[in-house]
Amino acid sequence: MQTISDRIRELRKERGLTQKALAQKVGVSQGSVAHWERDANKLNAANMQALAQALKTSSQYILSGKPDQEPLGSPVDEWDDNTPLSEDDYEVPYLLDLEAAAGVGKLVDYANNTARIRLSKSTLKKCGVERESAVCLRVKGDSMEPVLPDGTTIGVDTGNATIVDGKLYLVQHGNLLRAKALYKMPNQGVRLRSYNAVEYPDEILTAQDIEHEGFVVKGRIFWYSVLL
């Protein structure tokens, strides 16, 4: 299976760059590039963004080998009851007071919320999400950078809690909501992975931890939008 280090090395060669040339583009030493091609876990969020730009790709592709999820970077608008609903759109609850912690965590505030975001019917259909199962909320913190920076709006399919290795999920961990990449572990355990692995190493929960710590998968993250 191809690793992050493999993709960095492969992209560098495809772009016709030496390690020295790539290092100059990113603004680091040649030794740093050589290290990334051996162990990309030491690649921080700031360097990841510069590296992706130098390699003419996205941070998400370097991290996962998959293209950006659509519609990454598309506008997010809030609507009220007086705004006519387009035939091509659905209104999805936007839980402004309920934030997913992407860092050390934020206490969940279950305040009532009537805000809405409009997502296209084609987006939900493409992602296999039922209208009634879709909710949107915001990410707080930096543990999922550079893919989900602080303030990112995410769409969650609350009807899909089945873990597929490497996919993004919204989970409840005690009294915290967290956005993490999940991996199944032996004996019904789970690994929680942050993209900013330098500052936030993997967390492994056993079946006993899951039961005692109140860990629940709330749904799969099927869409996100980053406004810079």
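**Exercise 1. Find which residues of helix α2 (residues 19-26) are buried, and work out how they are arranged around the axis.**

Step 1. The buried residues of α2 are L22, A23 and V26; buried means under 20% relative accessible area, exposed over 50%, and partly exposed in between, with a 1.4 Å probe and protein chains only. Helices here are DSSP runs of H or I with at least four residues, and strands are runs of E with at least two, numbered from the N terminus.

Step 2. These three span an arc of only 105 degrees around the axis, so they sit on the same side of α2. The arc is taken from the directions that run from the helix axis to the C-beta atoms.

Step 3. Now turn to the other side of α2, where K20, Q24 and K25 are exposed. Just after the helix, G27 has a positive phi of about 90 degrees.

A word on the model before we go on: it is predicted, local features need pLDDT of at least 70, side-chain atom pairs count only at pLDDT 80 or more, and totals for chains, interfaces and linings use all residues. Residues are numbered from 1 along each chain as its sequence is written, and side-chain values use heavy atoms, leaving out hydrogens and water.

**Exercise 2. Describe the largest nonpolar core and the contacts of I62.**

Step 1. A nonpolar core is a set of buried Ala, Val, Leu, Ile, Met, Phe, Trp, Tyr and Cys residues joined through side-chain atoms within 4.5 Å. The largest has 33 residues, and L22, L51, I62, L137, L148 and I154 touch the most other members. Helix α4 (residues 45-54) gives the largest share of this core, four residues.

Step 2. Another core, of 11 residues, lies apart from it, with V92, Y94, L124 and A134 among its members.

Step 3. Leaving out residues up to four places away in sequence, I62 touches I4, R7, I8, L11, M48, L51, A52, L55 and T57; contact means heavy atoms within 4.5 Å.

**Exercise 3. Is T153 buried or exposed, and which side chain does its own side chain join in a polar contact?**

Step 1. T153 belongs to strand β5 (residues 153-157). Because its relative accessibility is 6%, T153 counts as buried.

Step 2. Its side chain makes a polar contact of 3.2 Å with the side chain of Y94. Such a contact is a pair of N or O atoms within 3.5 Å; within protein, one must be able to donate a hydrogen and the other to accept it, and residues adjacent in sequence count only if both atoms are side-chain atoms.
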